[in-house]
Structures are given as structure tokens and as C-alpha cells.
Amino acid sequence: EAMEEGKRLFHKKDAKGAAAKLRQAHRLYLEDRDQVNANICKSLLRAVSDVTGEDGNEASTNMADESLRNNPRFRQMSEIYLKESAAKTKAKEGRYEDAKKLLTEVMEMAAHLDPVDHGLLAKVNAQFGIISAVQGDHAEAVTRLNASLFHYHTIIDDSPTYVKEYLEVVRTFGDFYVKMGSYTDAVDKYTLLEEKSIKFGKLDMTWEAISSKADCFTNLRLHQEALKHHYRAAKAVGPDRIPSKFAESKCKIGQLMQTQGAHDEALVHYQEALAISRKYESLPLQIKSLTHVGDVQRIKKEYPLAHAHLMLAEDVFKRQPVPALEAQLTSALGRYYLEVDNLKEAEEYLIKARALSKTSDINTYRATLCDLASVHLKLHNPRRSLELLSEAEQITEHLQDEVGLLKVYALLAATHKELDDVPTAERYLSKVESIREPRRQQK
């Protein structure tokens, strides 16, 4: 920041201010053993000195022109930083091709710098890769992000100031693979992120790496591996070091246990997360934990307890709305009302949950489709139920979720039976058994 401020003041012809900021930046880079940026600061200070004298008290009216003439390195770096800044602006405006054109020019200019500025090349390649990912050019995104990591790995051990942005790029690379559905590749990147985060003492990023890796194992249906890593994530931060992350891990452990039918064990973890959220007065965590506790109590047929926790979650949400949690909470309330046969309330909540989750949470969305189908089945409207289940079946088969398919196929069998289509009902019951039998044998 001090170096950027020094460059800004230099362009404004405030030589004294520029020199002070650049000396500050130079000292900080030396303290951090960042020789690359320290050398850039020395080059910039030399440019200031060339046109102002050693004390830097007077700035020539032609300071910028003289400095550019006397210091080619500074002229090159100025042009490069201006183009990089313009590229960021274009990208924020959604003008991706213009941004990529500018970044290409920056990389061509940077290729002629002596010595090579690996920090600059790492940053620019990362920006290019992220834009390519947004545009759907996955091959180019992978190429550019790998190039970025190559340049970071060249300097990272000697330039601690790059650690934060380097770790962000590694995480972005992992997140990119997750969006592509390439969970094994994502695990590789999150493993790298964990190793480097531990090395550089970044506890919050260590948790992010382990937790993200666990989520990948969940998507790969490796539930025991996922559970092991969520426990590791919780242990890494503990209940006192980063309580919010610890509670998040507890919720994820509970969710995995809940999907495996271990409801009592899941409840223990949810309640632990709830206790932490109350201790540290984290309302978003309270909403999430209360929702999970209420949902498990519903499954356990503890309806008064389920209702109390879900109502409390809704009250907390009204005090501090958290849009990311609204679909899950609304869906849980809909399921509760469905189970206690309050079909009017159930339908209202589930229709809202479906709208909220359609583009943001595929798992909540398909679960809501099934619950709405159950409402219509109880209302003796099997044709509407069938419409909803057809979409749920398509989504769940695409996700290859056996637990989800059990529910969808069972509902489809009941719906076709209501329609007096016995052969189709029997076909879906057969599908249910084809999933259940191997699971019984595994147990």
C-alpha cells in the first residue's frame, strides 16, 4: 500500500510525499525479506532522486517527463501498472475481452523486464484465468491459473508479502474445479492450500482448505473420508481459537451423520454448534444451528421441540436476515408443517423455499420439490405431484444421490399407485429395493 501511494504521489508531482512513502515501503519489504518489491522501491526512489535532488524537497514542473526519460524501468512499470489497473476496471464492468486484451499486453511487456517480475506475472495470469473461468473457457483458465502458481512458487518463500494473494489464488483454483464438478482435482488444490497455509501460519485458511476438501469427499460419496476431514477441520481451529469455524464444522459433521441416519449423534453436534453461537452471540450461526436442531427433532417425532427451535430460528432471522440461510430455514419449516398435517402452512413455506433455492441451492430445491409433491399427494392431487417428482427425479439421478433417489422413487411409486398405474408403481418399488438391498448388505 505504501508503494502504491508513493507511485500515486509521484504522478501528482509530490516528490517529497512520494519519497517518504517509497522509503517506508522499501523498509517494510526488507523487513519481510521481499527483495523483489524492495528493488522496485529502490528503482522508484532513484527516479524521484534523479529529478528532485537528494532531499526530495523540490519537484520540477517537468518531473514526470524527466523521470520517464532518465529511468526506463520506471517508465515500463508505470505503463504496466496503468494497463493492469485498466484491465481490473474493464473486468468489473463485464468487458472481459477488453480486460483480457489489456492483460495480454501487460504480460508481453512484463516478459521484457530484467529481472523478471514473478509477482506481477503471477497476479496477471491469475486475473486472466479468473476471467476465462467466468467466460466458460475452462482449458484457458487452467492454463493461466497453473502459470500463476508457477510464478508464485518461484518467489513465495523469499517474498512473504505475496502469501495472502497466493493462498487466495490456490483457493480460487480449487473452487473453480468444484464448479466444474472435478472434485478429485479440487482435492489436490485444497491439499496444496492446506500445506501452504500451515507453513505460513494462516489458521483461517487452513480451516478453509480442510473443510473444502471434506465437502469434495462428500460430493464424491466418500462419506467416511468427508467425516474424518470435518473432524480435522474442527480440531484445527478448536472452540476458542476461531469459534465460528468450529461451529460450522460441527454443523457439517451433524449433516453427514443425519444423512446416514445417525440422528442422535447429529443432534449432539448441532447442539454444540448452537451453544457456541449463543456464547459468542453469532446470530447467523444461531439461525443455522436452530434450523438443524429443529429438523432433527422433527425426524425424531419430537414435534413440540422441533416447532420451538424452528420458530426461534425464524425469530432470529427476522432480527438479522441472512439471505444465504433463508431457503434452508423456510424448507425446514415447510417439512415440519407437512409432517404435522398442516398442509396450508406447509404449501406456503415450501413454495417460498422452492423459489428461494432454485438458482442457489440445488439440494434444498430438489428436496423442496419432493416435499411439495407429498403435500399434493395428501391433497389427492397426484398429477401435480407427478409433475414435481419428474423434475426431482431428473435432478437426483444427475447428482447420483442414492439416499435422495430412495425418497424420490418411493414417492413416485405412491403417486402412480394413486393414479391406478400399478405396473409403473411396481417398477419404482423395484428401483427402491435395488438401492436398499446393497445398502443392507454393506451394513
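Residues are termed buried under 20% relative accessible area, exposed over 50% and partly exposed in between (1.4 Å probe, protein chains only). The model is predicted, so local features need pLDDT of at least 70 and side-chain atom pairs count only at pLDDT 80 or more, whereas totals for chains, interfaces and linings use all residues. Residues are numbered from 1 along each chain as its sequence is written, and side-chain values use heavy atoms, with hydrogens and water left out.

Cysteine 216 is buried, at 2% relative accessibility, and cysteine 251 is buried at 1%. The structure holds zero disulfides (pairs of cysteine sulfur atoms within 2.5 Å).

Nine aromatic pairs were found in the whole structure. Rings of Phe, Tyr and Trp (its six-membered ring) pair if their centres lie within 6.5 Å; planes under 30 degrees apart count as stacked, over 60 as edge-to-face and the rest as tilted. Phenylalanine 173 and tyrosine 177 form a stacked pair, because their ring centres are 5.2 Å apart and their planes lie at 10°. The two residues are four apart in helix α9 (residues 163–180), and are therefore separated by about one helical turn; helices are DSSP runs (H or I, at least four residues) numbered from the N terminus. Phenylalanine 173 is buried, with 0% relative accessible area, and tyrosine 177 is buried at 10%.

Lysine 189 lies over the face of phenylalanine 173, 4.7 Å from the ring centre. The criterion is NZ of Lys or CZ of Arg within 6 Å of the ring centre and within 35 degrees of the ring normal. Arginine 144 lies over the face of phenylalanine 128, at 4.1 Å from the ring centre.
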